[in-house]
Amino acid sequence: GSDLGGGGSGSGTAAAARRVLAAVEAFALRGSWLKVAGDAKAVLLEAALDRSSVEAGHLAVELGTFVGYTAVRLAWRLSDAGARAVSLELDPVHVLLARHVAALAEQSAHIEIW
């Protein structure tokens with residue numbers, strides 16, 4: 001079964017984002033190859049975001065959305081500061097999938113996926 005529909009710790013959009021990121025990571029760990037910036041790469045991204053001086057109006061741009069994993073992480077982490085994320089993808093199927101993933105993570109208000 002999927003863990004995307006509810007439950008989990010915390011509340012609000014942060015909890016939804018954590019649930020979606022965890023579900024993507026769990027899928028990838030089941031033996032299915034999935035190119036996402038998880039594990040050590042996620043820790044590195046989190047550390048970079050922690051060290052940056054993000055302010056309202058700032059914008060993070062991602063090139064290559066794939067399923068929206070990193071886009072969700074960026075949107076979730078930037079939203080508290082009033083910053084936004086934009087993710088650009090060539091494959092229209094991946095754009096639609098990533099937009100759906102962002103909606104499941106309750107991050108659609110903080111990201112644009114094109």
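Reader: Where is the place of Gln107?
Author: This is a predicted model: local features need pLDDT of at least 70, side-chain atom pairs count only at pLDDT 80 or more, and totals for chains, interfaces and linings use all residues. Residues are numbered from 1 along each chain as its sequence is written, and side-chain values use heavy atoms, with hydrogens and water left out. Helices (H or I, at least four residues) and strands (E, at least two) are DSSP runs, numbered from the N terminus. Gln107 sits in the loop between helix H4 (92–104) and strand E3 (111–113).

Reader: Is Gln107 buried or exposed?
Author: Buried means under 20% relative accessible area, exposed means over 50%, and partly exposed is in between (1.4 Å probe, protein chains only). Gln107 has a relative accessible area of 0%, so Gln107 is buried.

Reader: Which backbone oxygen lies 3.2 Å from a polar atom of the Gln107 side chain?
Author: A polar contact is a pair of N or O atoms within 3.5 Å; within protein, one must be able to donate a hydrogen and the other to accept it, and residues adjacent in sequence count only if both atoms are side-chain atoms. Here the distance is 3.2 Å, and the oxygen belongs to Ala105.

Reader: Which residues does Gln107 touch, not counting those up to four places away in sequence?
Author: Contact means heavy atoms within 4.5 Å. Residues up to four places away are left out, and then Gln107 touches Thr13, Ala17, Val72, Ala75, Trp76, Ser79 and Ala102.

Reader: How many Å separate Trp76 and Gln107, C-alpha to C-alpha?
Author: Trp76 has its place in helix H3. Trp76 also touches Ala14, Ala17, Arg18, Leu21, Glu46 and Gln107, leaving out residues up to four places away in sequence. Along the sequence, Trp76 and Gln107 are 31 residues apart, but in space their C-alpha distance is 6.4 Å.

Reader: Does Trp76 count as buried or exposed?
Author: Its place is in helix H3. Trp76 has 16% relative accessibility, so Trp76 counts as buried.

Reader: In what order do the elements of the protein run from the N terminus on?
Author: The protein has four helices and three strands. From the N terminus on, they run α-α-β-α-β-α-β.

Reader: With which residues is Val101 in contact, leaving aside neighbours within four places in sequence?
Author: Val101 lies in helix H4. Val101 has a relative accessible area of 10%, so Val101 is buried. Leaving those neighbours aside, Val101 is in contact with Val20, Val67 and Val72.

Reader: Over the ring of which residue does the charged end of Arg99 sit?
Author: A charge sits over a ring if NZ of Lys or CZ of Arg is within 6 Å of the ring centre and within 35 degrees of the ring normal. The charged end of Arg99 is 5.3 Å from the centre, and the ring is that of Trp114.

Reader: What is the phi of Phe66 near?
Author: Most residues other than glycine have a negative phi. Phe66 lies in the loop between strand E1 (59–63) and H3. At 25% relative accessibility, Phe66 counts as partly exposed. Phe66 is not glycine, yet its phi is positive, near 55°.

Reader: What is the phi of Glu106 near?
Author: Glu106 is found in the loop between H4 and E3. With 40% relative accessibility, Glu106 counts as partly exposed. Its phi is a positive value in a residue other than glycine, near 60°.
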